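Colleague: Before I look at any single region, could you walk me through how the side chains are arranged in this model, and state the cut-offs behind each term as you use it?

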Amino acid sequence: MRTKLIAAFACTTALVTSGAASAADLAARPYAKAPLYAEPLFNWTGFYVGGHIGGAWTNQQWINSANTTLFGDLGPGEGFRQRGSGIMGGAQIGYNWQASNFVFGLEGTISGLDNRGTVNNTVFGLGLDDQFSWRTNVLATIVGRAGFAVNNNLFYAKGGYAGANNRLSVVDNVPATGSGGQTHWANGWTVGAGWEYGVTRNWIVGVEYNYAAFVSQTYQLAGTAAGTYAFDAKPRDIQWAVVRASYKFDAPVIARY
């Protein structure tokens, strides 16, 4: 009997020891975490090139500053203002640099436009007297940009230099005395704002509005007549709204964990 009790105790001890060892083995198994999900962010850093198209509005102004010719019926201090509009389109090139959600950049644009107008001075009341014509057909800008990015969206403001090719001319019809004209490059400044969206990591679309103002220059319109027929003229301001599309060259991908 005693022998049987000792054998049963030994068997029970072995089972308990074996169970404890198995539990220890289970606790020692390594725990593997699930892989983290990485959400890619649009990176605005990099060079880009593209094009734009839209509409432009020009307010033109010319005031006579000297009239000593045989033609021209506007005296010094007299002149006209006129507004013209048309389609514009062109290209842009630039570079963006992103720091956190803030984006800074430099951009240059060149655009062609067809803003023009004609004014007839009927001072004698007989048909057409002085017939003034003007046109603004080229606009260029060099600006700095600053914006705030929300993933694929960029909201920005811009400002800097603007220049425009501007022409003023006149024909004296009553009597048919002469004609003349002159073209100048007008310098000025511009401000604007816009929104862009990254469709893919390379392609960007957006919309933009801009305003530019220019300084006066002297236009000599004596033409075929002797003497001086001078005007202080300028595109008083140009406003334009465009849609844009740009291709951004690859930059490192940013990931959020």
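Colleague: Leaving aside neighbours within four places in sequence, which residues is Leu 221 in contact with?

Modeller: This is a predicted model, in which local features need pLDDT of at least 70 and side-chain atom pairs count only at pLDDT 80 or more, while totals for chains, interfaces and linings use all residues. Residues are numbered from 1 along each chain as its sequence is written, and side-chain values use heavy atoms, with hydrogens and water left out. With contact taken as heavy atoms within 4.5 Å, and neighbours within four places in sequence left aside, the partners of Leu 221 are Phe 71, Phe 132, Leu 168, Ser 169, Val 170, Ser 179, Gly 180, Gly 181, Gln 182, Tyr 229 and Phe 231.

Colleague: Which residues have the most contacts inside the largest nonpolar core?

Modeller: A nonpolar core is a set of buried Ala, Val, Leu, Ile, Met, Phe, Trp, Tyr and Cys residues joined through side-chain atoms within 4.5 Å, where buried means under 20% relative accessible area, exposed over 50% and partly exposed in between (1.4 Å probe, protein chains only). The largest such core has 14 residues, and those with the most contacts inside it are Trp 62, Phe 132, Leu 168, Val 170, Leu 221, Tyr 229 and Phe 231.

Colleague: Which strand supplies the largest share of this core?

Modeller: Strands (E, at least two residues) and helices (H or I, at least four) are DSSP runs, numbered from the N terminus. At least two residues of the core come from each of β5 (130-150), β6 and β10 (229-248). The largest share, three residues, belongs to β10.

Colleague: How many residues are in the second core?

Modeller: This core is separate, and it includes Met 88, Leu 139, Ile 238 and Val 242. Its size is 12 residues.

Colleague: How many aromatic pairs does a search of the whole structure find?

Modeller: Rings of Phe, Tyr and Trp (its six-membered ring) pair if their centres lie within 6.5 Å, and planes under 30 degrees apart count as stacked, over 60 as edge-to-face and the rest as tilted. On that basis, the number of aromatic pairs found is 14.

Colleague: How many residues apart are Trp 62 and Phe 132?

Modeller: These two form a tilted pair, at 6.0 Å centre to centre and with 40° between the planes. Trp 62 lies in strand β2 (residues 46-67) and Phe 132 in strand β5, and the pair links distant parts of the chain across a separation of 70 residues.

Colleague: Why is Trp 62 counted as buried?

Modeller: Trp 62 counts as buried because its relative accessibility falls in that class. Phe 132 likewise counts as buried, at 0% relative accessibility. For Trp 62, the value is 0%.

Colleague: Arg 145 lies over the face of which residue?

Modeller: A charge sits over a ring if NZ of Lys or CZ of Arg is within 6 Å of the ring centre and within 35 degrees of the ring normal. Lys 248 lies over the face of Phe 42, at 5.4 Å from the ring centre. For Arg 145, at 4.2 Å from the ring centre, the residue is Tyr 156.

Colleague: Over how many bridges do β6 and β7 pair?

Modeller: Two strands pair if DSSP finds at least two bridges between them. A hairpin of five residues joins β6 to β7, and Gly 159 has Val 191 as its bridge partner in β7. Strands β6 (residues 153-172) and β7 (residues 178-198) pair in the antiparallel sense, and the number of bridges is 20.

Colleague: Which residue of β8 is the bridge partner of Thr 190?

Modeller: β7 and strand β8 (residues 203-214) pair in the antiparallel sense over 11 bridges, and a hairpin joins them through four residues. The partner of Thr 190 in β8 is Ala 212.

Colleague: How far apart in space are Asp 129 and Pro 175, C-alpha to C-alpha?

Modeller: Asp 129 lies in the loop between β4 (102-121) and β5, and it counts as buried at 1% relative accessibility. Asp 129 and Pro 175 are 46 residues apart in sequence, while their C-alpha to C-alpha distance is 7.7 Å.
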